[in-house]
Every structure is written in C-alpha cells, then in structure tokens.
Amino acid sequence: MLDSAPLPYRLLEHADHVARWSGLAVGVIVAQAVSTLGDGDVEFEQRVIFCITAFGLCAVAGVLLADALTLRPQEAVRTASLAPRLVRDHVPPHMGPLIALQGVSLVALLVITAATASVDTGKVAHITCNGMRASLGPWPGLYYSLPMFGALAIATPTCAWALRRIAHGPGEDQQRRDRAWAVTGAWGLLVSSQQLYAVLMISVALTETGCAGVVGALTFWVFYPLALLNLFTLVWSLVTVVAPRAVEDERSLDDTAAFDEGAHLDDTADLDDERATEGTLRR
C-alpha cells in the first residue's frame, strides 16, 4: 500500500531530529572557527570561553528550531484533565531542579568572582599569602565572565518561553515532555559547560598559589565536587539534546490513575442508574 501522507508532512516528520543534531554540528564548527580568531591578541582562556558560549548558544538555537518544526496534531483531539498544565510537570523531575540550581549557582559564582577580581584588569584576584600579597590568575572576573552573562541573558528567557509554550500548547503528553526535556538539556548544556570551565579556572588559580589551609580546603571540598557535578550534568544534557526521551513521573501517573478511576466510578454509577430505571419500568 502506498503512503498516503503528503510529502511535506513526511519531510517534517524527522525534521526536529535533524535540527537538534545540526545545532550541535554547527556549534562545533563555530567553536572551531572562534578558536582561531585573533591569534596572538586573544588569550587562551578567553578563546575557550568564546568557544563554549558559541557551542551552547548553537545547541539552544537548534533545539528551539526543532521545537518549531515538530509536527502538531492534524485533527482535534478531545482530552480531559484534572489539573491545569504546569511547566514543572513537563521538565525532568530530578535533573530539571538540579540544572536550575546550577544556573543560580553559576550566576552567584560569576558575581562573586567579578567582585573579587582586580578593578584594573578584571582577570586576576589579589590575596594575602603568608603575610605577602599575591595575585591569582586567570580569574573569571568581568574580563572573562561577560560572554557568559550575555549568553545566559539570551538563552534563559528564550528557553523559559519555550517551556511555557510547550506546556500550554497542543500535542500528546509524551511529545510535550520530550520537547521540554530537549529544551532543558540545551539550557543545561550551556550552564554546565560554562560553570565547569569557571570552576576549573578557580581551582587552577587557587592550587597554584602554594597557600594551604582555607584555600586548599575550599578547593578540595567545594570546587572539585562541583566540577564533577557539572561534568555529569554536561554529559546528561548532551545525551538529552541528541535523543530526548522523557520518562513519565509519578505525579502524572497518579493523575492518570485517578482520572481512570474516576471515569470507572462514573461508568459504574451510570450502569447502576440504568439497571434501576429498567427495574422500575418492568414493575
């Protein structure tokens, strides 16, 4: 039997996958191009930040394009719901709050490093080590963190708008969750990569000072675990962008079970009413 679906519909059926993968591929190409710009004039650390920012923004753009190309239901479908749709019901139940917390901690970390960096250059920090003044660098002050702030200012409201649009838009529950997971993964890819590099910069700067005590304890107990956490989030976000497949959380399953149980009780009550009416007519 020949496929009766129109050609544009068949082409758009997998366009979302192509758009997500193309966003990652374009991000790699753009990052490689950015890494070769300004040889000798741009520091290595600043080039890495530009590459990370460019790759993350391309990944976000690819996911948003994929969401725009996702096919919507062709026919009106009657649905019933016990509660209004919420964004938190569509994002990953565990990784979503973790990535949001990482975004808040990234902003707080960049604000702290910008406040502690030197005013003249914005890329080193001054501390007192063994009674002598020492410089820490490279330090993620404003000289390095401005591209990060810019990327967050662009990607965060855009992804938030996309999640709200997905939650209140048409489509099946599984499809909406898959799209929301992809958007969450794209934003998490940008946040985790930026925070991972900022933490690595701070850790290298602190360990090269030769000061033990509080500085060493802070590096060992705070920044090393934070780097491992960001590495885990980075891998999860990359896998989710490539192939998002949402898993139904317990709340949605409970709502579905409650709805099915309520529908079953309504059917039972209707059946009892019909039997009672039939018995009355016979008498």
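## Burial and overall make-up

Of the 283 residues in the chain, 38% are buried, where buried means under 20% relative accessible area, exposed means over 50%, and partly exposed covers the range in between (1.4 Å probe, protein chains only). This is a predicted model, in which local features need pLDDT of at least 70 and side-chain atom pairs count only at pLDDT 80 or more, while totals for chains, interfaces and linings use all residues. Residues are numbered from 1 along each chain as its sequence is written, and side-chain values use heavy atoms, with hydrogens and water left out.

The chain exposes about 16,500 Å², and carbon and sulfur atoms supply 66% of that area; accessible areas come from the Shrake-Rupley method with a 1.4 Å probe, and for residues only the protein chains shown count as cover. Among contacts in the chain with a separation of 6 or more, 78% are between residues 24 or more positions apart. A contact here means heavy atoms within 4.5 Å.

## Secondary structure and the hairpin

The chain has 8 helices and 2 strands, in the order α-α-α-α-β-β-α-α-α-α from the N terminus. Helices (H or I, at least four residues) and strands (E, at least two) are DSSP runs, numbered from the N terminus.

Strand β1 (residues 125-129) pairs with strand β2 (residues 132-136) in the antiparallel sense over 5 bridges; strands count as paired if DSSP finds at least two bridges between them. The two strands form a hairpin with 2 residues between them. In the turn, N130 has a positive phi of about 55°. C129 has M132 in β2 as its bridge partner.

## Salt bridges

A search of the whole structure finds 5 salt bridges, each being a side-chain nitrogen of Lys or Arg within 4 Å of a carboxyl oxygen of Asp or Glu. Side chains of opposite charge can pair when their charged atoms come close. One of the salt bridges joins D16 and R20, at 4.0 Å from N to O. Both residues lie in helix α2 (residues 15-35), 4 residues apart, or about one turn of the helix. D16 is buried at 14% relative accessibility, and R20 is buried at 5%.

In another salt bridge, the closest N and O atoms of E43 and K123 are 2.5 Å apart. This pair links distant parts of the chain, 80 residues apart: E43 is in the loop between α2 and α3 (44-69), and K123 is in the loop between α4 (95-116) and β1. E43 counts as partly exposed at 26% relative accessibility, as does K123 at 23%. The side chains of R179 and D67 also meet in a salt bridge, at 2.6 Å from N to O. That pair, too, links distant parts of the chain, with R179 in helix α6 and D67 in helix α3, 112 residues apart. R179 is buried at 8% relative accessibility, and D67 is buried at 4%. Salt bridges that share partners join D67, R165 and R179 into one network.

S237 is found in helix α7 (residues 214-242). Its relative accessible area is 0%, so S237 is buried. Leaving aside residues up to four places away in sequence, S237 touches I99, G185, G188 and L189.

G169 sits in the loop between α5 (142-168) and α6 (173-207) and is buried at 11% relative accessibility. With residues up to four places away in sequence not counted, G169 touches R85 and R176. The C-alpha atoms of G169 and R85 are 9.5 Å apart, although the two residues are 84 apart in sequence.

## Nonpolar surface patch

F220, W221, V222 and Y224 make a nonpolar surface patch of about 460 Å². Patches are made of residues with over 30% relative accessible area and no salt bridge, with like charges joined within 9 Å and nonpolar side chains (Val, Leu, Ile, Met, Phe, Trp, Tyr) within 5 Å. Y224 lies in helix α7 and is partly exposed, with a relative accessible area of 38%.

## Cysteines

The disulfide count is 0, taking a disulfide as a pair of cysteine sulfur atoms within 2.5 Å. C51 counts as buried at 14% relative accessibility, and C159 counts as buried at 5%.
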